[in-house]
Amino acid sequence: MPRAGRVIYDNAVYHILNRGHDRRRLFQEGEDFKGFKDIIARYKQKFQFDLYHYCIMSNHFHLLLKIAKGEELSALMKGICQSYAFHYKRKHHFSGYLFQNRYKSILIEKDGYLMECGRYIERNPVRAGIVDNPGKYYWSSYNFYAKGIPDDIITPDPLYIALTAIDAERRAKYIEYVATDRPYEQLLDEKLSE
């Protein structure tokens, strides 16, 4: 049976997720994580999209992005995933499928969910028990927002910018916002693991 087509819109925000085949590791070492970020940076030159939040875990990744032309989302994600698969296979002498399936995409329909989704993404290493604080995890957008550390693949989340005009206050509010537990995280984890 053919796959159902994705519903796509121009200037829409999507939560993107992709996993390693059989949940195997996609990123073995720092050079792999950096290589993935470099690929995203390259594709920012080819496609018009804003990456608001991300988290690259050892066996999966999350991206929260807004794409100007919805019809380009598939080509963008195909390009990023294929480029990374080529990098990984060459570097690690691997053959076979790297990714589990095609990527998952969830349309973020309400602006109010934008920062909530970003918060969920950046707390992923905490929920996985890798770190006790998202600021201790290097491969996410959290430190861009919480500490002001430059990250060339990030376009600032407009809801983050709207928190306050003063950078230090904005970062403090964001740290507090991300640290506050939310009951929906487990439900979203279950939905995304399907």
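Which side chain does Lys 136 meet in a salt bridge? That partner is Asp 132, with 2.8 Å from N to O. Keep in mind that this is a predicted model, where local features need pLDDT of at least 70, side-chain atom pairs count only at pLDDT 80 or more, and totals for chains, interfaces and linings use all residues. Residues are numbered from 1 along each chain as its sequence is written, and side-chain values use heavy atoms, with hydrogens and water left out.

**Salt bridges**

- Side chains of opposite charge can pair when their charged atoms come close.
- Searching the whole structure turns up 6 salt bridges, a salt bridge being a side-chain nitrogen of Lys or Arg within 4 Å of a carboxyl oxygen of Asp or Glu.
- One of them joins Glu 29 to Lys 91, and their closest N and O atoms sit 2.2 Å apart.
- Glu 29 is in the loop between strand E1 (12-19) and helix H1 (30-46), while Lys 91 is in helix H2 (residues 73-92), so this pair ties together parts that are 62 residues apart in sequence. (Helices are DSSP runs of H or I with at least four residues, strands are DSSP runs of E with at least two, and both are numbered from the N terminus.)
- Glu 31 joins in too: Glu 29, Glu 31 and Lys 91 are linked in a network of salt bridges.
- Another salt bridge has the side chains of Asp 151 and Lys 37 meeting at 3.3 Å, N to O.
- Asp 151 is in the loop between helix H5 (142-147) and helix H6 (158-161) and Lys 37 is in helix H1, so that pair ties together parts that are 114 residues apart in sequence.

**How accessible those charged residues are**

- Here buried means under 20% relative accessible area, exposed means over 50%, and partly exposed is in between (1.4 Å probe, protein chains only).
- In the opening pair, Lys 136 is exposed at 56% relative accessibility, and Asp 132 is exposed at 60%.
- Asp 151 is buried, with a relative accessible area of 11%, and Lys 37 counts as buried at 15%.

**Cysteines**

- How many disulfides does a search of the whole structure find? The count is 0, taking a disulfide as a pair of cysteine sulfur atoms within 2.5 Å.
- Cys 81 is in no disulfide, and the nearest cysteine sulfur, that of Cys 55, is 16 Å away.
- Cys 81 is buried, at 9% relative accessibility.
- Cys 117 is in no disulfide either, with the nearest cysteine sulfur, again that of Cys 55, 12 Å away.
- Cys 117 is buried as well, at 8% relative accessibility.

- Arg 23 has a phi near 60°, a positive value in a residue other than glycine.
- You'll find Arg 23 in the loop between E1 and H1, where it counts as partly exposed at 41% relative accessibility.
- His 93 isn't a glycine, yet its phi is positive too, at about 50°.
- Look for His 93 in the loop between H2 and strand E4 (104-108); His 93 is exposed, with a relative accessible area of 73%.
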